Amino acid sequence: DYTGNCDSIRDNLFDAVAKLPRTAVPGGSRTLYHLGREYLYRDRAGEAIAVIERCLAEYPGTYDCHMARGSIHLHQEEYRPAIPHFIRAIALRAESGTARHHLGVALENLGCEAEARAQYRLAAKLGFRGADHRLARLDEPGSGLLAPVKPKPRTDACDKPLPASALPSGS
């Protein structure tokens with residue numbers, strides 16, 4: 001039973017998190033990240049946020065905590081607050097195509113299509129294949145795996161420059 005297996009995994013994560021000290025230990029950020037993800041996937045965003053806020057407090061310099069918090073913001077369609085977390089994740093792990101893709105999603109939803117395209121291209125170059133689907137949807141709506149969407153109007157968020165670490169080289 002797949003559902004039972006998921007409950008077991010979540011219970012094991014909950015137990016592991018309960019045993020974590022309130023100070024940073026090796027692997028602690030991943031444990032918090034995974035429990036937060038489980039809560040989010042079960043539509044328990046409040047609990048996911050609490051776990052990931054703990055992750056950020058105890059492991060502020062970890063990629064996983066920033067990716068998780070940014071991803072929760074995306075899930076809740078809070079695009080502006082997601083951006084600093086993805087920028088920090090990129091600074092922590094520049095080779096992450098996932099962080100660039102997610103930054104692109106936030107930018108696209110704020111109407112920053114050119115900026116989103118740049119992030120999708122970088123994500124694809126770094127091996128994140130989902131970015132190819134996002135680019136295809138922008139270039140030829142209805143032709144790829146993703147359903148076409150109406151472009152969002154450009155917002156003032158597009159006028160705020162991204163830090164150099166988030167820009168394509170040569171920009």
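The following legends describe close-up views of a predicted model.

Residues are numbered from 1 along each chain as its sequence is written, and side-chain values rest on heavy atoms, without hydrogens or water. Because the model is predicted, local features need pLDDT of at least 70 and side-chain atom pairs count only at pLDDT 80 or more, whereas totals for chains, interfaces and linings use all residues.

**View 1. The nonpolar cores.** A nonpolar core is a set of buried Ala, Val, Leu, Ile, Met, Phe, Trp, Tyr and Cys residues joined through side-chain atoms within 4.5 Å; buried means under 20% relative accessible area, exposed over 50%, and partly exposed in between (1.4 Å probe, protein chains only). In the largest core, which has 28 residues, Leu74, Ile83, Leu103, Leu107 and Tyr120 touch the most other members. At least two residues of this core come from each of helices H4 (63-75), H5 (79-92), H6 (97-109), H7 (113-125) and H8; helices are DSSP runs (H or I, at least four residues) numbered from the N terminus. H5 provides the largest share, seven residues. A second, separate core holds 16 residues, including Leu20, Tyr33, Leu40 and Tyr59.

**View 2. The salt bridge between Arg80 and Asp156.** A salt bridge is a side-chain nitrogen of Lys or Arg within 4 Å of a carboxyl oxygen of Asp or Glu, and eleven are counted by this rule. In this pair the closest N and O atoms are 2.5 Å apart. Arg80 belongs to helix H5 and Asp156 to the segment after H8, so that distant parts of the chain, 76 residues apart, are linked. Arg80 is partly exposed at 37% relative accessible area, and Asp156 is partly exposed at 46%.

View 3. Asp139 is partly exposed at 48%, whereas Arg117 is buried at 16%. Through shared partners, salt bridges join Glu113, Arg117 and Asp139 into one network.

**View 4. The largest pocket.** A pocket is an open set of points on a 1 Å grid over the protein atoms alone, where a 1.4 Å probe fits, with protein on both sides within 12 Å along at least five of seven lines; lining residues have an atom within 4 Å of a point. The space in the largest pocket is about 340 Å³. Its lining comprises 18 residues, of which Tyr33, Arg37, Tyr41, Ser71 and His102 lie nearest the centre. H4 gives the most to this lining, with eight residues.

**View 5. The second largest pocket.** About 210 Å³ of space lies in this pocket. Of its 13 lining residues, Glu108, Leu138, Val149, Lys150 and Pro151 lie nearest the centre. H6 and H8 each supply at least two residues of the lining.

Methods:
Grid points are joined across faces, edges and corners, and a volume is the space filled by probe spheres set on the points.
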